[in-house]
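Trainee: I am new to this model and would like to study one part of it closely. Could you take a single chain and lead me through it slowly?

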Amino acid sequence: MEKQNMNAASPAAAAKKKREPFIHIVKRDAMPWYKSWAVRACAVLAALVVSAVVTMLLTGENPLMVYKTMVHRSFCSERRIWNLLQSLAMLLCVSLAVTPAFKMRFWNIGAEGQVLIGGLATAACMILLGGKIPNWLLIVVMTVSSILAGAIWAVIPALFKAKWNTNETLFTLMMNYVGIQLVSYFVMVWEVPKGSGKIGIINQAGREGWFPTVGEYDYLLNIIIVAVITVAMFVYLRYSKHGYEIAVVGESENTARYIGISVKKVIIRTMLLSGAICGIAGLLLVGSTNHTITTTTAGGRGFTAIMVSWLAKFNPIFMVFTSFLLVFLEKGANEISTVFRLNQSFSDIITGIILFFIIGSEFFINYQIKFHKAHKEAAK
Amino acid sequence: MEENIAIELKGVSKSFGHVVANKDVNLQVRRGEILAVLGENGSGKTTLMNMISGIYYPDEGQIFVDGREVVISSPKDAFRYGIGMIHQHFKLVDIFSAAENIILGIKDKEGFSMKRSVAKVREITERYGFVMDPEKKVYEMSVSEKQTVEIIKALYRGADILILDEPTAVLTPQEIDRLFDVLRRMRDDGKAIIIITHKLHEVLSISDRVSVLRKGEYIGTVNTAGTDESSLTEMMVGKKISLNIERGEPEFPRDRLVVEKVNCISHEGTKLLDNVSFSARSGEILGIAGIAGSGQRELLEAIAGLQHIESGKILYNNPKTGKADDLRDKTPLQIRDLGVRLSFVPEDRLGMGLVGNMDIIDNMMLRSYRKGHTVFLERKQPKDLAETIIHDLDVVTPGATTPVRRLSGGNVQKVLVGREIAAAPTVLMAAYPVRGLDINSSYAIYNLLNQQKKSGVAVIFVGEDLDVLLELCDRIMVLSSGKVTGVVDARKATKEQIGLMMTGAGVEEAEEKAKKEA
C-alpha cells in the first residue's frame, strides 16, 4: 500500500487519495440456528465445488463421477454399510470419551494411548485367561480391566495437573507414546507365530473372550453399546450435577472456586470417566471387532475424536453426525483412490479441502465481513 | 475560530453487529481547550475515541484534522496526525524504566541515544510540571506514576491532540488535582485535550466545553461555564433524576463479623493484608475505600474462604446459635455448612460471580445446584428464582434462557446481586458493585444494598467513588497497601480526609491536613 505523507505542514497532502481499509471484520450477534446450518451447508457445497476443480486439474477425472463413486461405494452393499456404521461407532465412542474432558477445558489429547491401553488389557485377559475361566467371566474380567486400564492411563496426567499444575496437553500426548511402546513390547512377548512380529487372531479356535454377536450381525453389539453411551453422555453432561460442575470448571475455574467446587476433584473424576470410556473403546476394538492388537489398533481415532467433539460443540447427539461426516469422508476418499487408481495422498487432499471449508464456515457464523462503502459526503 | 479547530468529527457512526455504539456523532475540539466527553457507561465514549486514535475504523462519517479530511486506520496514522491516546489500561513494559517505555518503538533519525532521550523526557516533565523520575522502573511505580508515563509517552511522540480515557478512575483526590494542574498547563500551551469521564464534578472543574453522548448518540455541546450538574445529568440520562441516596440510621447494630489481626502474604512474599482488624455490624453499611489493589480483594476473598491467610481470626457471630465461629481457612462449602449466610458479589462478575456462557437459570443454580439427593439437577427452583429476579429487579433480557454475557453490564450485575440477596444473607459483601453501570442501574444497586441494611444485614461495600461512599455508608474503613489506616464516620468525614488516608495518613493526621488545605 502506498504510503502518503500527510504531515500537518504540507497542505498538498490533502489530496483525495485515501488509504481506506477495504474490508472490515465485525463480530456478529448470535445467528438463528437455521441460518448457521445454511452457512454450513453452503460451506459443504463450496468445498465440493473446489474439490471438483482440484480433481479435474490434478487427475482429469470427471468430478461428478468421483463423487458418485464416493457415495456409491460407501452404501452399495450391506457389508459396506455395516462397515461404515462400525467405524462410525468406534470413532463416536472415542469422541464421547474425550468430550467431558474438553468441555472441562482439559486438553486430553491422549485418547489414542488410553484406547490402546484398554485394548492391551483386553488382549492380556484373552491371552492369559482364555480357556482357564468360563467365557462369561472372562468377558466380565476383560470389561473391568479395560475400563480400569483406560481410567488409570487418563488419571495419571490428571493427578499431576491437580497436584502440581503440570501441562496436561504435553503429558497426555507423551502418555500416547508410552502406550504405543507398551503395546509393541507385548506384541513381541505374545507374538504368534514366533518371529512374525504380530499377535494374530487371539483364541481363533475356541473364540474365548470374543464378544457374542447380536443375531447374525457382527457389529450390531458395538453399535448398540455406543448408542447407549451416547445417550448416557448426553444426559450426564446436560442433566447431572457432575455435568454442571464440568461446565462450570471449563468456563471459569474462579467461579468454580467461588461457589465451592473442588476443581481438583472434578478434574480427576472427569479424567477417570474419560479414560474409562476410552478403555471401553479399546475393549470393543479388541474383544469384539479385531480380536487382535497392534500398535495401530486405535488408528488415530484419539485425534480425529477431538475434531468430532469440537465440530459438534461437545453435544453428544450432534457428534453422531460429525463422526459420520468424518468417517464417510475418510472411507469415501479411500474408495476413490482405489477405484480411480489415484495416489493415496489425493484422498487426503479432498478430505482436507472439505474439512477446511467446514471448520472455516464457523468464522462466517461468528463474524461478518463488511465491504466498506465510499465515504458519504457530508452535506454542507 | 475556524482555523483553531484541531480535530473535528462529522456524522461518525460505528456499530458492532446490531449494537450501535456511535450514531451520527459530531465533535469539535479547538486548540488550547479541554473538551470533556460525558456520557454514561455504554454510551459510546470509548468507541468514539478509539476511532480517533485508529483502533476502530468508523462505518460512516468523516474526521478532519486541522480542517483537512483524514483517514485514520491504525494507531500509527493517529500518531502521524499528532493524536495520542491514554487508555484506561496502561500499556507499559513492567521491567523497563519510564524513559525506556517512552522511547519504545520510536525510530530516531539521529540514531539511538538513551542520554538524549532522557534529556528530552526531563524537558517535557519540567515544562508541564509532571512529577516523574525517568529512570524509575515501571513495576516500582504507583498507578498515578504509570499514568504520567503514558501521558509523557504521548507528548514525546509529538502529540498535540491528547485523549484521556477515564483518567481519574484510579486516582486519589490529591492525585486528580495534580493531574488536572498538568492538563491545564498543557491546554495553556496550546494543546487540544479530550477527557472522557462520567463524573460530573470533574467535568465542571476541568473542562472548557462539554459534549454529551447518550446511548451512542450525540446530544450536544455546552460551555462548562454556563451549565451545572443537574442539567448535565439531564442531557446524559435523558430525564431528570434525583441523585440522592436515602441513608437511614442503623438499627440495633451488633458485631456480626469480627476480623482480628489478619495477615496475608502473596506468592512473591509481599504483604497483601497487614494486621487488618475491623468489625462489620448488622444493619449497617461498612464502606471500604482505598487505591485499587490495596488489599480489598484479598480481604473479601479471605472472608469468603477463597484466600489463605497467614494469621489472624475471622469470627462470625451467628445470630441463631449465639456462637462465634472462626471462618479462617475454611472452604466456601465448609462456611456454608456452619450455617453462615455469607453472600459475596465479587469484583469480577463474569469471571467469578457468574458464568458468562450459561443462561440466567443455570447461573442461579451456581449457589443451589447441590440441593437434593439425586445425581440430577433440579432446574425448577432456579427457573422460578430467575424469573422473580428478572421481574423484581427489572432485568432487561430476552428471557431466562439468555446467556448472561449477552446482557448489558447493569443487567449482569442485577442478576448477580439478585442471586446473592436471594440467599437471605446475614453478611453481604459487594466489591465495586456499580463499576461500569449507568446511573439508573447504579442507584438500583444502592437501593438494594440499603434494603439489605434495613433488614439487618451487615453490608460490606468496597467502592471507588468517594462521593458515593460518603453518601451511602455508615462507616468507612480506609485501606492503604494492605493496612487499615482508619475507620471514619461517613456522616462526618470529608473526601480530602479519606483521600489522604488512602495514601497512608492516619485519621487525625489526615483530618488536620485536609482542614489546612481547605
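Mentor: Accessible areas come from the Shrake-Rupley method with a 1.4 Å probe, and for residues only the protein chains shown count as cover. With that in hand, chain B exposes about 22600 Å², of which carbon and sulfur atoms supply 50%. This is a predicted model, in which local features need pLDDT of at least 70 and side-chain atom pairs count only at pLDDT 80 or more, while totals for chains, interfaces and linings use all residues. Residues are numbered from 1 along each chain as its sequence is written, chains are lettered from A and ligands numbered from 1 in the order in which they are written, and side-chain values use heavy atoms, with hydrogens and water left out.

Turning to the fold, chain B has 18 helices and 20 strands, which are DSSP runs (H or I of at least four residues, E of at least two) numbered from the N terminus. Its C-alpha atoms fill a box of roughly 75 × 50 × 45 Å, taken along the principal axes. The radius of gyration of chain B, taken over C-alpha atoms, is 25 Å, which agrees with the value near 24 Å that a compact globule of 518 residues would have, the rule being 2.2 Å times the number of residues to the power 0.38.

Inside chain B, 65% of the contacts (heavy atoms within 4.5 Å) between residues at least 6 apart in sequence join residues at least 24 apart. Of the 518 residues in chain B, 56% are buried, meaning under 20% relative accessible area.

Definitions and conventions
Buried means under 20% relative accessible area, exposed over 50%, partly exposed in between (1.4 Å probe, protein chains only).
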